[in-house]
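Take a look at the protein below. This report starts with the whole chain and then turns to two places in it.

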Amino acid sequence: MTKFKLRAIATTALVASFALPGAVYAQMEDEIVVTATKREKTLQQTPVAVTVTSADTIEKTQILDINDLQSVAPSLRVYSLQTSANTNFIIRGFGNGANNAGIEPSVGVFIDGVYRSRSAAQIGDLPKLERVEVLRGPQSTLFGKNASAGVISIVTSKPSFDTTGYVEVGTGNLDLRLLKAYISGPLSDRVAASIGGSLNKRDGYTDSALGFSKLNDRDRFNLRGQILFQPSDNLDIRLIADYSEIDEVCCTVSNFTNGPTAGAIALLGGAVAPSSNPFAYTAFTNKDPRNTVQDGGLSAHVDYQAENFAVTSITSYRSNDSLADYDADFSTAELLSSVTSQNDINTFTQELRLTSTGENTIDWMAGGFYFHEKVKVADTVVAGSDFRPYVDILAGGPAALGAVEAANGFAPGSFFANGTGLFDNFTQNNEAFSAYGTLDFHLNDRLTLTGGVNYTDDKKKVSGSALVTEPFSGVDLAGAGGFNTLVLGGIAQNFPNIAAACGLGPLAFSPANVGALFAVASCPFLPGNPPGALAFQGLQAQVAAGVGALDLNNPAQNPLLGLQALQFLPPFLGFPNAVENGRTHDNKLTWTARLAYDASDNVSVYASAATGFKATSWNLSRDSRPAIADTAAINGAGLALANQSFGTRFAGPENATVFELGLKARFDRGAINVAVFDQTIKGFQSNTFLGTGFVLGNAGKQSTQGIEVDATYVPVDPLKLTFAMTLLDPVFNSFVNGPGPGGTVVNLSGQKPAGIPSVSIATSATYTHNYANGMTGFIRGDYQYESGVQVVEAITGPRRKVSTVNASAGLGWENGLDIRFWARNLFNDKNFLSAFPGVVQAGTVNVYPNQPRTYGVSLRKSF
């Protein structure tokens with residue numbers, strides 16, 4: 001091995017190595033290449049904290065999709081929530097994105113060097129994986145936009161000029177049916193090709209209380225083909241085409257707390273999940289929640305090796321269409337008949353990179369990246385046949401809404417009528433480019449100084465519109481359309497309608513008739529029914545003394561304020577408009593500085609500092625609101641709608657900074673890697689799901705101090721032990737306008753962010769044995785632990801603690817036949833993935849329970 005290669009390896013920190021004597025360096029060098037090309041030093045010249053999961057580990061542990069990676073990478077957390085397409089990645093406690101199409105994750109996902117901008121395009125099963133690299137901390141210098149928290153780099157095998165392949169079948173509990181196939185070989189002396197695909201089907205693990213389909217099933221298909229051209233010894237052209245489909249019933253939601261509204265649902269003949277056992281795995285919905293995803297793309301990878309430098313070009317076009325239709329009230333009553341989210345995303349990227357080669361005192365890299373994406377979003381929330389009766393029960397009878405309808409000129413039954421709701425549409429056009437460069441100064445054979453910069457420019461043009469056919473949310477219950485109309489300014493004019501709504505007929509306004517109104521048991525203005533006696537006393541006092549002033553924001557004097565919680569579909573102010581232009585333009589220069597020292601051939605240390613950047617994210621959900629800062633301008637321009645509300649349209653850029661010290665050491669039978677870091681993100685984009693939409697905003701500052709340890713030890717040749725641990729101390733240094741209970745705004749400054757465990761551990765033991773007849777065998781167990789933590793902001797009840805064991809065993813024969821037995825979550829550990837407040841059910845808290853035990857067997861024939 002040349003000195004240059006040793007330097008490249010030594011400057012890569014925290015590499016997950018396999019410490020068999022004499023094989024460590026060779027295997028590490030193969031595993032840390034960023035892209036599956038002939039160029040060996042894409043990543044090795046820029047040290048980063050990285051965990052590498054090999055293809056062998058992925059196969060032995062039966063990691064079926066990217067969600068399972070967290071069981072072998074403790075700094076990574078992956079979870080899916082509302083839909084199959086909604087996968088969120090968190091590294092070192094930082095990350096977001098999820099199901100809001102306007103938000104690109106803080107953790108960038110790259111597959112063979114192609115950026116996957118949305119979670120729906122990141123989760124398909126991939127044939128013939130080589131490795132998965134989890135790069136921790138800001139990676140903006142090399143990876144550009146949206147890598148402010150880290151990067152997941154997935155590398156697949158290139159086509160081979162030797163004919164190779166495999167066929168694999170598998171089965172398991174939940175009627176698992178797994179089929180995989182892959183073949184690669186030469187088409188000529190200069191051309192090779194490969195094609196692979198898989199079918200992954202199983203039943204769901206959650207029963208339906210009403211006999212619908214089981215939830216959280218698997219129904220996935222993918223196909224991926226490649227052609228490799230080598231017209232000369234120094235030129236590679238690799239073309240990749242892939243397509244995948246998901247068609248599933250997802251996702252399981254349980255009740256952690258049932259609010260008082262559960263009684264109203266019961267009166268309608270419906271039911272909600274009992275909060276006594278949130279892990280009962282029974283869905284209380286009145287329809288199948290369908291999720292479909294169609295994802296596909298083309299990419300061209302060109303690698304040219306000149307005399308002293310290499311040129312790499314990666315061009316890609318991707319299309320991703322997803323649709324989710326689910327029962328958002330999570331009850332067997334038809335409160336909401338349909339809640340849908342449809343996303344159509346088309347992405348083009350182009351990267352061009354030049355890298356020095358050979359042994360040099362100064363190694364360099366320079367490149368540029370172009371990104372263009374169009375996003376279309378269409379969402380609906382539609383009231384069901386039980387919604388109006390449900391609200392009438394909560395209001396104490398049908399007269400309450402009837403009175404408001406009459407007072408505001410609506411026909412009886414207009415509010416919450418079956419089929420009414422909100423129908424919104426968003427578009428986003430995003431264009432970005434970045435230019436970057438790095439220099440490695442090899443000051444001597446053991447000391448390397450690295451510096452790098454990246455300039456990113458990001459432009460977004462966004463529009464949003466909505467049709468709201470449900471009128472109740474547009475009534476100002478504390479103003480002219482609510483109690484004020486009923487009692488103060490319009491009581492005389494509207495009294496005949498109010499009296500008629502309470503069953504008295506069109507009586508004229510008079511103190512006597514007001515008294516008669518109070519005597520009607522079904523009337524909402526009655527002591528003992530909402531709003532209570534004090535409100536009647538206030539109303540009687542106003543009538544007796546002539547119309548006076550009431551405190552309309554006092555629930556004791558304004559009985560209608562209790563209905564504000566049901567105004568969850570307020571009128572939507574479309575944009576662009578005269579005040580909001582629907583555009584953002586961000587640019588940022590990020591940098592990396594690092595000093596790496598080889599204390600010996602087996603021990604290296606480094607000190608580094610780096611910054612990261614993530615551009616503005618727009619809230620492309622029905623909870624998008626004009627900014628509070630624009631209140632005066634919106635009102636002044638006459639744009640404010642009835643009952644106009646304000647919040648956020650977008651969250652500004654994230655800016656990350658990390659300072660890190662690292663040690664990497666190897667010895668005869670093992671390796672240990674340690675990193676100590678202090679990472680901060682200013683303007684962290686907080687995205688909180690509230691059941692039917694998202695609240696998006698910037699935290700002033702969030703920081704995490706931590707230690708990562710990654711060790712491998714081989715006490716005897718057949719046995720390999722691994723241990724990885726992450727210790728984190730996260731805090732919101734400043735988050736004044738944080739999400740609070742019930743959609744309130746609270747000051748979270750000084751508090752620990754939810755969802756980030758202080759301790760995460762991933763450890764494993766693998767025993768292998770070679771039999772005399774050429775047969776090989778292995779047995780493996782791994783353990784994942786996360787300390788207890790509050791699940792999400794704004795909800796203090798549900799907590800998450802993970803203690804999961806996975807196991808596998810297998811036998812292999814010289815003829816290429818392998819059989820593997822596996823089990824994930826062997827002891828059926830139970831924990832919550834996330835939580836959110838119940839939709840139109842005050843006091844209810846819904847949770848997502850984790851997947852129970854799964855197990856199976858697979859048989860593979862390789863050739």
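What follows is a short tour of this model, which is predicted.

## The whole protein

The protein has 863 residues, and 58% of them are buried. Its secondary structure comes to 12 helices and 38 strands.

The accessible surface comes to about 31,200 Å². Carbon and sulfur atoms hold 59% of that surface.

## A residue in a strand: T456

T456 sits in strand β21, which covers residues 447-468. Is T456 buried or exposed? T456 counts as buried because its relative accessibility is 5%, and the cut-off for buried is under 20%.

Which residues does T456 touch, leaving out those up to four places away in sequence? They are K145, F433, S434, D586, N587, K588 and F613.

## A covered helix: α7

Helix α7 spans residues 399-407. How many of its 9 residues are buried? The count is 9 of 9, so the helix is mostly covered.

The buried residues of α7 include the alanines A399, A400, A403, A406 and A407. L401, G402, V404 and E405 are buried too. Just after α7 comes G409, with a positive phi of about 80°.

Definitions and conventions
Residues are numbered from 1 along each chain as its sequence is written. This is a predicted model: local features need pLDDT of at least 70, side-chain atom pairs count only at pLDDT 80 or more; totals for chains, interfaces and linings use all residues. Side-chain values use heavy atoms; hydrogens and water are left out. Helices (H or I, at least four residues) and strands (E, at least two) are DSSP runs, numbered from the N terminus. Buried means under 20% relative accessible area, exposed over 50%, partly exposed in between (1.4 Å probe, protein chains only). Accessible areas come from the Shrake-Rupley method with a 1.4 Å probe; for residues, only the protein chains shown count as cover. Contact means heavy atoms within 4.5 Å.
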